[in-house]
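Subject: Structure handover

Hello,

I am passing this structure on to you.

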Amino acid sequence: MSETNNNTLLAPCSCGCPQGNDIRGVLDILGQAQRRGIPQEEACEEAWRLITETNPMPAVCGRICPHPCEEECNRVVKDYAINFHSIERFIGDWGIAHSLKHQKLADVCHTEKIAIIGSGPAGLSCAYHLAKLGYKCTIFEASPRTGGMLRYGIPSYRLPRHILDREIDNILELGIDLRLNVSIGKDIHLKQLQEEYDRVFLGIGAQSSMALNVAGEDMEGVFSGLEFLRMVNSGKEVNIGERVVVIGGGNTAVDAARDAVRLGADATIIYRRTREEMPAIEEEIESAEEEGIKLVFLAAPIEIQPDNGKKKLVCQRMELGEPDSSGRKRPVPIPNDTFTISIDSLIIAVSQQPDWSGIEDLQPRWSLFSREEKEDRGYPIRNGVYSGGDVTNVGIATEALAQGRKAAQTIHAELRGLEKPQFEEDLDIIRADRLHLDVLPETQRPKMPRLSVSERKKDPWGEVKSTFSAEEIIAESRRCVTCGESFIKHPKTHPIHILRRIIQIGVGTLLFNSFWGVINSKMVYGGPLRNICVPGLNCHSCPTALMGCPIGMMQHFAATHRFPWYLIGFLGIIGLLSGRFTCGWLCPWGLIQDVLYKIKKMTVRIPKLLIYFKYAVLVVVVIILPYLTYEHWFSKLCPCGALIAGIPWVLWNPVDPVFDMTVIDPADVGLMFTIKLWILGIFLVLFLFIKRPFCRTICPLGAIYALFNRISLVSLEVKDSCTNCGQCKAVCPTDLDPQNEVNSEGCIKCLECVQCEHIRYKWNWPWLKKKKKAWTVVAPKVEPAPAMTCQKIDPAAEITN
């Protein structure tokens, strides 16, 4: 797992990136620049600065990296992974086209000197990070040009040399000395370096191919994959004939076959496993097939024979057996099943290893990779020499860049007496099962444009793929849901969530005590308020029930003309402190609706007309009718009362076996109670289809709390860092868009959306409003980003070798 600079690196893409690039941060900068009012030019430079904190060669990596980060992207569960390698390529090209320069971390010049052996990705990365920290670094390179395997192992149609040169030159401009054509062990001894320099880093790469160990391998016309690529990339003339076979399934094999086609040969790749197990980049395999390269699977060479001046390759048919140590199925020979191919040249690209000539003392004695060397960090191999890249573990260039940085950080810590950095952490990675990806619309992943086969023939060594346009990059960046900083499915452990359930259950228990009191006493309340809420249920005598119900208080005033100031004071305090969710919290109905919401399969929106109708109902049945008739009409029609009284009524109305009487005489129930029961049944059915909370949306009680919501001392705030991913809408009970409708009349402040890092619950103390005015963030309207003014890199004009 990659290292992180803080404890908030939770996105799986960043953890899957060998370099630990802040992918989420880069995508957020590009995708949200327009909404935050940041000019696109400034956003692109900021993105370049951020990615080069870890990776000094984004334009190179964006072209050659097999992008393991994309395999970890959570969007794979929904549709397609974010095309980050294309975005990284765009950012790198932007930096080159605008001549952006690396900056040192501090104006400090340390006296210690560091020797870097090899100018490949590991050596360049180590020198880059040490130079930024203020160290004097010298790179020793045995070849006449820098870049190592980046230059001599990757064809120019995949990695143009002007791109490689510009990014290497930008690294060297930090004050790094470069000595070319200097071979350690031949031109200068390792011991001399250790005497002249305080630390030595070894990054020679794996530039020697491993043999097949088959008969005839030493014949003329048999090349190793790296040897062949190095000759072609150095501009040497290579005679390979018309028929070429390449052995292997990695990027080296595919590159060698594509080079052979460009030299006029008919190329075939033979691989001992199937297409699914090929380690080469899928896009490169597709390009090879487009160029006419044949792929033969489940076959391995067993002998090379001479054939009248040419050669014959004898191959063994294979089948897949049990998985080996790599996790892939092991190829097993099929007895007596062989075939022969007539060839002019054979290119063997099965594996590679470092060339230890001149530095044999550093070569591991028993195996190429000892247990200590397999650690994913910079460390001394022997005699104070650090290493990184292929010399520790043959892998991709991105891993080499990461190991060079880790070695630089380890060297810095030792020289400055600091604690050594830890690169393995137990991170809480946010996977797809903790996100609300179901609310995201499905989107297509843009496919990187590449030249047609006919266009490639006109310019065989020209770059095949091209960089995305600025508009495509911005659109692709906006597909990111910023895992770890967006909406996360947290357990409901917020203190307010717990308080909500306690109150709902508590009030429900108190009301049930009223049921029990009626049932046990066998007495029907017949006082002047007998019609409040339910017939025969004396919950009006319960202070909690009455004080928690503002409508009960209003009807009490309308029927008795007595103004209960203490109730109004209590209601006002609760309303100001809580906004408008009080009734939903004090009422056990909220719990019932939450339970039903979990099993509903569809949601029907409530018409706005019905939502506004509650205000008319509030005035008529709560104030006007009670005042004129001294009757509590709302209580007579409220289905809540039917639920509260209906349970004991249904359970106990059958003839009591002891007293031979009903608890509530049907004559005392009346027509209104029957109507309430029908309303209750309809509401229970609607709860399964109408958006939650249905009762609070159309209940006149909601009208009262809508007024309190305007002057509440609490509110929800959407931070400016919100990425507008839309996941919070999935859990909003009222089906609102929290990004734009938070604190609106429809918002009941249930605090479901505060699970997101970008939404918080805050107090609106009057005396702090002016001082904290900046806290109030108005979500801006998101509009399509204007076209960026960046220029596409022209190899002939913008960038010169």
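The model is a predicted one. I start where helix 7 ends: the helix is followed by G134, which has a positive phi, near 105 degrees.

Helix 7 itself covers residues 121–132, twelve residues in total. From its first C-alpha to its last it reaches 16 Å, close to the 16 Å expected at 1.5 Å a residue.

The helix is mostly covered, with twelve of its twelve residues buried. Among them are P121 and A122, then G123 and L124, and at the other end A131 and K132. Y128 and H129 are also buried. What covers these buried residues includes strand 1 (113–117), strand 2 (136–140) and strand 4 (199–202). Helix 8 (149–152), helix 9 (161–172) and helix 14 (397–416) are also part of that cover.

Now the cysteines. The structure holds zero disulfides. The cut-off for a disulfide is a pair of cysteine sulfur atoms within 2.5 Å.

Both cysteines are covered as well: C15 is buried, with a relative accessible area of 9%, and C483 counts as buried at 9% relative accessibility.

Regards

Notes
Residues are numbered from 1 along each chain as its sequence is written. This is a predicted model: local features need pLDDT of at least 70, side-chain atom pairs count only at pLDDT 80 or more; totals for chains, interfaces and linings use all residues. Side-chain values use heavy atoms; hydrogens and water are left out. Helices (H or I, at least four residues) and strands (E, at least two) are DSSP runs, numbered from the N terminus. The expected span of a helix is 1.5 Å times one less than its number of residues. Buried means under 20% relative accessible area, exposed over 50%, partly exposed in between (1.4 Å probe, protein chains only). Contact means heavy atoms within 4.5 Å.
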